[in-house]
Amino acid sequence: MVGFWHRLGTKGKALYSATLSPPFSSPLTLPHIWVPTQTPNRPLSSGFHPVKTGATGQTRSAAEIMSGKPIAKDIKLRVAAEISRMKAAIGRLPGLAMVLVGYREDSHAYVHIKLKACNEVGIETSIVQLPQDCTQDRLIDVVSSFNSNPSVHGIIVQLPLPEHLDEETIINFVSPEKDVDGFHPLNMGNLALRGREPLFIPCAPKACIELLLRYRVEIIGKNAVVIGRSKIAGLSTSLLLQRHHATVSTLHSFTNNPEQITRRADIIVSDVGIPNIVRCDWLMPGAVVVDMGTNSVKDPNSPRGFRTTGDVCYEEAIKVVSAITPVPGGVGPVVISMLLSNTLDSAKRAYGFT
């Protein structure tokens, strides 16, 4: 059985506060812990209660559904307000450039969602679409042109790229100061090293932590498992959880008996891309689950002929866990809002705007 897991920890107050405004604060400071700038006066909804993880945690009659939509809406409103303030003060707007290679439907859909979100908050956008057979030199030329453009503060090369292109080489060509995806080795390396501060934190793990903190999930000292070790989500999520003092384990395709490890986890984050790989017998009662998987499954009853599901069998997990993110509507909306946040932070840094 394939296992991609990290042990995520939570206890006490997380570093990256639920009502912290990561999008609009000055460049992120990451000490041993990510200290919130604000403390929530009340929960997101009247029925909300802090979530305690593990066997000794609070007993729940039903799992908390950790929706990302209200969190994403809040962050986008703050980003839009800060962009309006910047425009009024210095007459400048953040700029985001996107590079799309090939004809993958999912990549085109993701880019459309990002463009729409940027338009809603006032971020200027540029997009270059290149053919499937685009050469690596041509792609590097496009990235280099955005690197040197002072009106561009963030650059996204939509992944995955066609097989004949070297993703790592392309990512390395993106200026670290404009790497709003957070994938450049400089940003990833600084995230991994204690005492260092990345210019950008990848959007998916940033969204994961934001969700946990906003729903008051304890992280410090907890056992956490991250399923998957991709640079987009799994690897950087495990690094960020360690920043929050969780005890983190990583499970991958060579992990033996992954379900035995996940059953000891207080927090499980899944990023495998395999529908329903995580079943109820993989979960400890009372655990917290963040499902970052997005998979299309054939469904003849759906008007589109398919439905979107996560890596976790939601119908089984909801009967066991204390809190879980839905798919869709969980992590996804927050990931997009974190991209807007990173782009704003980059523009503020470039213009010296505080």
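Which residues line the largest cavity? In this predicted model, local features need pLDDT of at least 70 and side-chain atom pairs count only at pLDDT 80 or more, while totals for chains, interfaces and linings use all residues. Residues are numbered from 1 along each chain as its sequence is written, and side-chain values use heavy atoms, with hydrogens and water left out.

The lining of the largest cavity is made by I155, V157, L159, I170, I171, V174, D179, D181 and F183. A cavity here is a set of points, on a 1 Å grid over the protein atoms alone, where a 1.4 Å probe fits but cannot get out, and lining residues have an atom within 4 Å of a point. The structure holds one cavity of 30 Å³ or more, and the largest cavity contains about 80 Å³ of space. Volume is the space filled by probe spheres set on the points, with grid points joined across faces, edges and corners. Strand β4 (154-157) and helix α4 (167-173) each supply at least two of the lining residues. Helices (H or I, at least four residues) and strands (E, at least two) are DSSP runs, numbered from the N terminus. By class, the lining has seven nonpolar, no polar and two charged residues. In this scheme Ala, Val, Leu, Ile, Met, Phe, Trp, Tyr, Cys and Pro are nonpolar, Asp, Glu, Lys and Arg are charged, and the others, Gly among them, are polar.

Helix packing comes next. Two packed helices are described by the angle between their axes and the distance between the axes. The axes of α2 (residues 105-121) and α10 (residues 331-351) come within 10 Å and cross at roughly 55°; axes are lines fitted to C-alpha atoms, for helices over the stretch in contact, and angles run from 0 to 180 degrees between N-to-C directions. The two helices, α2 and α10, are therefore oblique to each other (under 35 degrees is roughly parallel, over 145 roughly antiparallel, 65 to 115 roughly perpendicular, and the rest oblique). From α2, I113, K114, A117, C118 and V121 meet I336, L339 and L340 of α10, where contact means heavy atoms within 4.5 Å. This contact of α2 with α10 has seven nonpolar, no polar and one charged residues.

A second pair is α1 (residues 69-90) and α6 (residues 203-214), whose axes come within 11 Å and cross at roughly 110°. That makes α1 roughly perpendicular to α6. Here I71, D74 and I75 in α1 meet E210, L211 and R214 in α6, a contact with three nonpolar, no polar and three charged residues.

The backbone deserves a look too. The peptide bond from L159 to P160 is cis, with omega near 0°, and P160 sits in the loop between β4 and α4. The bond from V327 to P328 is also cis, with omega near 0°; P328 is in the loop between β11 (323-324) and α10.

Terms used:
1 Å grid on protein atoms, 1.4 Å probe; cavity = no way out; pocket = protein on both sides within 12 Å on 5 of 7 lines; lining within 4 Å.
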